[in-house]
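Dear colleague,

I am passing on the structure that we talked about, and below it you will find some notes on what came out of it. Please look through the sequence and the model before you read on.

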Amino acid sequence: MKNNAYIVFCLLALAWGLTFLFNKTASTLISPMQIVMVRVIMGFLPVLVFAIARKSLHWQHLRYLHHFVIMSLLAATVYYFAFAKGISLLPSSVAGMLSGAIPMFSFIAAAIFLRSEPVNMRSVTGLLFGFAGVLVIAKPWNTGVSGIDLNGVLYVAIGSGCVGLSFVYVRKFLSPLGISPIALCTYQLGLASATLLVITDFNGIGAIFTDWKIATGLFAGLGLLGTGFAFMCYYYLIGKLGAVKTAGVTYIPPVIGLLTGSLILGESVSAIDILATAMILSGVFIIQSGRTPAPVLPTPPTSPDVRAHNLPERA
């Protein structure tokens, strides 16, 4: 069984890592909002089927609808749009590298709003070290034509901030309710799907079908695998390996994003970029090593980028 779990571990890392590639290629044909709509709906379908099969959905959960609406915005609609927009403005390799900083935003939000989160010299050092890596990648001092689009970096930061807030919101308001994680994901993705169907401009969305490879990457890769399948794998690993071991999977997607952008899309990646990515991931590791497990198991929001190492190990 442990061998099967590690196979799933590798599949999950690959599915999350490839989302940057699929986002980038789709952005050449359709808008970021259209990408997000397809991604969320395609991710929602397998999660819904899984939740129904597990009999996780209950009518009495409707009393918490306001919480689900807020989470659908923080952890799906706004977060996914900010990342899709950022990836459309940045090389996918750069977006992938920057995504490694998401746990740092989660730590900041938790440190501000959750008293149980420790803030010590070790965690602050890790935070500063990680953000130094972000600055090296963003190169705000380089404003020339060859520089990184700071608007793209800002969108990625906004998406990361939403993820951090969603983690805090779950810990503070949803975890005490005892609703299963798969049910929460189903409600949030379902509400996000409904929202996106209303606000998305469908004009030109048919362009995605002019290239079957890009269309397959969006519908199957980003939606079914990168969102729906990834969530089911995530919860399987939490149950089989525990949260601490599952946390290791979150260090791999930024590296895969860097490699796919460089090797498949031909994006330029320098030794400095690789060093900066190592700084970000090292900063995250230092932060986590300076934390103590929280007493209540939080339910991760509907995003693969809410890192598993925000969760305490299960017995």
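**A covered helix**

The buried residues of helix H5 are Ser92, Ser93, Val94, Ala95, Gly96, Met97, Leu98 and Ser99, where buried means under 20% relative accessible area, exposed means over 50%, and partly exposed lies in between (1.4 Å probe, protein chains only). Helix H5 runs over residues 92-99 and is mostly covered, with eight of its eight residues buried.

Before going further, please keep in mind that this is a predicted model, in which local features need pLDDT of at least 70 and side-chain atom pairs count only at pLDDT 80 or more, while totals for chains, interfaces and linings use all residues. Residues are numbered from 1 along each chain as its sequence is written, and side-chain values use heavy atoms, with hydrogens and water left out.

**The chain as a whole**

The protein chain has 13 helices and zero strands, both taken as DSSP runs numbered from the N terminus (helices: H or I, at least four residues; strands: E, at least two). Of its 315 residues, 54% count as buried. The accessible surface of the protein chain comes to about 13400 Å², and 70% of this belongs to carbon and sulfur atoms; such areas come from the Shrake-Rupley method with a 1.4 Å probe, and for residues only the protein chains shown count as cover.

**Phe22**

Phe22 lies in helix H2, which spans residues 19-26, and Phe22 counts as buried because its relative accessibility is 17%. Leaving aside neighbours within four places in sequence, Phe22 is in contact with Gly217, Gly221 and Leu222, a contact being heavy atoms within 4.5 Å. The C-alpha atoms of Phe22 and Gly226 are separated by 9.3 Å, although these two residues are 204 residues apart along the chain.

**A nonpolar patch**

Helix H4 (65-89) and helix H8 (150-174) each supply at least two residues of the patch, and the largest share, four residues, comes from H4. Leu65 lies in helix H4 and is partly exposed, because its relative accessible area is 38%.

With best wishes
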